[in-house]
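User: Hi! I am new to this structure and would like to learn how to read it. Could you walk me through it step by step?

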Amino acid sequence: MAENGYAKEVLVTTDWLADHLGESGLVVAEVDENPDLYDEGHVPGAVKLHWREDLQDPVERDLVEKDAFERLMGRLGISNDATLVLYGDKNNWFAAYAYWYLKIYGHDDVRILDGGRQKWIDEGREQTADVPTPAAATYSAQDRNEEIRAYRDEVRQWIGTEGRALVDVRSPQEFSGELIAPPGYEQEGAQRAGHIPGAQSVPWAQAVRDDGTFKSADELRELYGGKGITGDKKVTAYCRIGERSAHTWFVLRELLGFDDVRNYDGSWTEWGNLVDVPIEKGL
């Protein structure tokens, strides 16, 4: 059992990272909702992972193909046996998305910096604008792990199915249908507002404390268990485009050790645009 009662050793502290920077076999990557933040200053030696340019197929809405992912990892100097520490802004929401993404392609040792970019800055730790030039590595990805990803037809089939739980991690205003997308993201919205029938509302950021660190396992079990999201169920999380729900996926699967958790990364921008799918409104 890891610290704070977590199921897995998947978090590192700012102290740990500061003590291990520059060690052989360790790669640090910053993944921000606002990628320009990296250029303003980042953890010394950290490489930049751009959630859209690096991790999204340039044509179809999907992950990049396996060979493109292998080239990306190699270009960033990441080998298969590297310990990869991810961190970012907004309480690590895109760092968690990158974590899920790396698990899709089978990377073994991935961690998240607890508290993310903001905690590192708040503690006055060293930052640099220097961009590293890592030596190229050879990377061999596994075939996609489809057991941690959900697709729209599956989600529709699972509605109302016993033993399954659906968690909507968007804001209460998005869940109720008051908003189609958060303020500032209207261009990434959908035709219809509301939520998938049967979904429980647990906004993603409720899983972290004010300083951006994750709440303890007991606190998290209480938070999700109170909405019927428990480890004996097969759980699917969704948000708007799949990044906030990856954060919740990380909490449920990696920190709490739930056996069957999937991220529906099509999320509301897909579901809210589909013809003839059920939608509910209200809290």
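Analyst: Happy to! Let's start with a term: a residue counts as buried when its relative accessible area is under 20%. Keep in mind that this is a predicted model. Of the 283 residues in the chain, 54% count as buried.

User: What radius of gyration would a compact globule with 283 residues have, and what does the chain have?

Analyst: A compact globule of 283 residues would have a radius of gyration near 19 Å, and the chain has 18 Å, so the two agree. Along its principal axes, the C-alpha trace spans about 50 × 40 × 35 Å.

User: And what about contacts and the surface?

Analyst: Contact here means heavy atoms within 4.5 Å. Taking contacts with a separation of 6 or more, 76% join residues 24 or more positions apart. As for the surface, the chain exposes about 12,700 Å², and carbon and sulfur atoms supply 44% of that area. The chain also carries 31 positive and 53 negative charges, whose mean positions are 5 Å apart.

User: How many helices and strands does the chain have?

Analyst: There are ten helices and nine strands. Strands of a sheet pair through backbone hydrogen bonds, either parallel or antiparallel. In this chain, five strands make an open sheet in the order 1-5-4-2-3, with parallel pairing. Its edge strands, strand 1 (11–12) and strand 3 (47–48), each pair on one side only.

User: What is the strand order in the open sheet of four strands?

Analyst: The order is 7-6-8-9, and the pairing is parallel. At its edges are strand 7 (200–201) and strand 9 (261–263), each pairing on one side only. Strand 6 (residues 164–168) runs parallel to strand 8 (residues 234–238), and five bridges join them. One of the partnered residues is R164, whose bridge partner in strand 8 is K234.

How values were computed. Residues numbered from 1 in each chain as written. Predicted model: local features only at pLDDT ≥ 70, side-chain atom pairs only at ≥ 80, totals over all residues. Heavy atoms only, no water. Helix = DSSP H or I, 4+ residues; strand = E, 2+ residues; numbered from the N terminus. Rg over C-alpha atoms; globule rule 2.2 N^0.38 Å. Buried < 20%, exposed > 50% of the residue type's maximum accessible area, 1.4 Å probe, protein only. Areas by Shrake-Rupley, 256 points an atom, 1.4 Å probe, with all protein chains shown as cover. Lys, Arg positive; Asp, Glu negative; His and termini not counted. Charge placed at Lys NZ, Arg CZ, Asp CG, Glu CD. Pairing = 2+ DSSP bridges.
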